[in-house]
Amino acid sequence: MNIHEYQAKQIFAKYGVPTPRGIIANTPEEALINAKELGGNIWVVKAQIHAGGRGLGGGVKLARSLDEVKTLASEIIGMTLVTHQTGPEGKLVQKVYIEEGADIKDELYLGVVLDRAKEMPIIMASTEGGMEIEKVAHDTPEKIIKVAVDPAIGFQGFHGRELVFGLGITNPDEQKKLINFASKLYKVYMDNDAEMIEINPLIKTGSGDFLALDGKMGFDDSALGRHPDIEAMRDLSEEDPDEREASQYGLSYVSLDGEIGCMVNGAGLAMGTMDTINYMGGTPANFLDVGGKANAETVAKGFEIILKNPNVKAIFVNIFGGIVRCDRIANGILEATNLVDVHVPVIVRLDGTNATEAIEILRNANIPNIIPAIDLADGAAKAVKAAKGEK
Amino acid sequence: MSILVNKDTKVIVQGFTGKEGTFHAEQCLAYGTKIVGGVTPNKGGQEHLGLPVFNTVNDAVKSTGATVSMIFVPPAFVGDAVMEAAEAGIELAVVITEGAPVRDMQMAKAYATKKGMKTIGPNCPGIITAEECKIGIMPGNIFKKGNIGLISKSGTLTYEGANQVCKEGFGISTAVGIGGDPIIGLSYKQLLPMFEADPETKAIVMIGEIGGDLEIQAAQFIKENITKPVVAFIAGQTAPKGKRMGHAGAIVSGSAGTAAEKMEALKAAGVTVVVSPAEIGKAVKEALSK
């Protein structure tokens, strides 16, 4: 689960990670009130969406007067912001964060993320803040300082020294401030079961202080149960409504732009099924993993969600039952044909646990739209044909 | 021969009396797995499925001499359960539970490694030595005994792969579902040399997925150390690039973890790479007839 910048900064503040002062606004009027409350004569109006690249997309603007704060806020709230991380459809901006202007002397990068190979969190820092950090990592990997922290010992002084010397920071006062910053950020990461934290840029001010000018945080979904405060920060409007509806039924759904709806058990087989459809000249309309607890109700729901997509010309149900029982899937298919108008051919391949009973159930129901398949290749070939209108 | 487990392996079940633990322990017993007892705190001294229940893994190991534990405890208790198994001297923990917090697994894996305990999973179907010992949730009947070793991140692709190998007239020595979580126990790199050393295994099927770089590491390892034929499939060639917030993940691994990248690396290592899981069986047949 991801959160907005303003929410990440609320968490930072709780841990003493320094950030500029700011207040969230839902309307241009609120933006104006917030700017007055913050005081000063320069403000930043920042679109709050779950994606990077907001500045380049025109979602972050500097205001030099209170009038300008209100004007910019009214421009940004309601705009559809397209960045390299939103996809071409962009994201609707519903909130802006009004932040006091900062005196930027240097821009750094600081992040904490799991290093899968080392199996521990890694702190990454760079002097090339404000830039596209992936490009920095690719072109000049030596400019990214990586320090792994073993959770068994936690953040120690030497980790901090690796960071500051790596970044070429020589002023002892600044060294101390940055080490303190990094150590607190590591604590934010560990305490909250974060998946990643990224601050780009982390700025050094004219007076030698370090501030998180940006803040992105993602969390381990498996650990949200023990963080109700973070779960409460979930912004449902940032999530795809179909994907969300699916997840309420234990289904994992991602819509794609092809013609063959897929319903499969297990993420690996689901991707393998899409790959096979593609290999045989068809195009998958979605990824749908029915999960390990699939029953008649969830299968019916799956059909409903798949059929909402007007591009779907055929559905391929590919189940290899381990924990999932094929007879339950078969009953789900029957129930679905009662509940929703299944107007496209449904190719069904059922193998594994209780497959024989399942095939019997479908045969006895004798529904004309249902085409049985003997294995993955047969099913994919039949689905591709059906989508093309061939028999 | 086989790898890691066989008909003599003594197994306990952590989370024995729960719904999942009970159902799958029964299935494993029916398959012939030598389950010798289980652990559920506060149920020590009782009997379940005709087997003794213990309060702690330590008690269970002392009384039964078990060397392997199959773990079904709820996600929030997985880390604790793995560490308890390691502390009690278990040699291999097979963690089936899905949804264990990553932070817990980091701690548990580090501790298991320190104690010399191997781990499989979490969030995996388990391990099966065909017709001898099933420790996990896979449908046992599709694994006919034979000479093909199988390693897969995905549960259902393990079944698909095994099914195809068997349909072509071959069989499975041992199949291991390693799981696809960010922190997992044994991976390709640790399992490949076990299959290489196993005289019963003649060829290896390796099934991977997009994300991470375990398959890239495996490719390098195969190139340098594996002489037996390897057939690989990487799921997710058509998966869309996920919308994501930060860049940090990609920078750490230094690669995007795409299917194309992994397939290329494996091909370069001399592996037969198939583009659809429907081709796995045929590819194994061809690899063995060379």
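**Figure 1. Chain A of this predicted model is assigned three domains.** Domain 1 is built from two stretches, 1–20 and 103–238. Domain 2 covers residues 21–101. Domain 3 takes in residues 241–387. How far apart do the C-alpha centres of domain 2 and domain 3 of chain A lie? The distance is 43 Å.

**Figure 2. Four strands of chain A form an open sheet.** The strand order is 2-7-3-4. Pairing in the sheet is antiparallel. Which strands sit at the edges? They are strand 2 (22–25) and strand 4 (60–63) of chain A. Each edge strand pairs on one side only. On average, neighbouring strands of the sheet are turned by 20° against each other, direction ignored.

**Figure 3. Strand 3 of chain A pairs with strand 4 of chain A.** Strand 3 spans residues 43–47. The two strands run in the antiparallel sense, and four bridges link them. Look for Val44(A): its bridge partner in strand 4 of chain A is Leu62(A).

**Figure 4. Helix 5 of chain A crosses helix 6 of chain A.** Helix 5 spans residues 157–167, and helix 6 spans residues 172–191. Their axes come within 9 Å and cross at roughly 125°. That angle makes helix 5 of chain A oblique to helix 6 of chain A. The crossing is right-handed.

**Figure 5. Residues of helix 5 of chain A meet residues of helix 6 of chain A.** From helix 5 come Gly160(A), Arg161(A), Leu163(A), Val164(A), Phe165(A) and Leu167(A). They meet Gln175(A), Leu178(A), Ile179(A) and Ala182(A) of helix 6. How many residues of each class make up this contact? There are seven nonpolar, two polar and one charged residues.

**Figure 6. Chain B is divided into two domains.** Domain 1 of chain B runs over 10–120, and domain 2 of chain B over 126–289. Their centres, taken over C-alpha atoms, are separated by 26 Å. The two domains touch: 20 residues of domain 1 of chain B are in contact with 22 residues of domain 2 of chain B.

Note on methods. Residues are numbered from 1 along each chain as its sequence is written. Chains are lettered from A and ligands numbered from 1 in the order in which they are written. This is a predicted model: local features need pLDDT of at least 70, side-chain atom pairs count only at pLDDT 80 or more; totals for chains, interfaces and linings use all residues. Side-chain values use heavy atoms; hydrogens and water are left out. Axes are lines fitted to C-alpha atoms, for helices over the stretch in contact, and angles run from 0 to 180 degrees between N-to-C directions. Angles under 35 degrees count as roughly parallel, over 145 as roughly antiparallel, 65 to 115 as roughly perpendicular and the rest as oblique. A crossing is left-handed if the near helix is turned anticlockwise from the far one by less than a right angle, and right-handed if clockwise. Contact means heavy atoms within 4.5 Å. Ala, Val, Leu, Ile, Met, Phe, Trp, Tyr, Cys and Pro count as nonpolar, Asp, Glu, Lys and Arg as charged, and the others, Gly among them, as polar. Domain bounds come from an automatic or database domain assignment. Two strands pair if DSSP finds at least two bridges between them.
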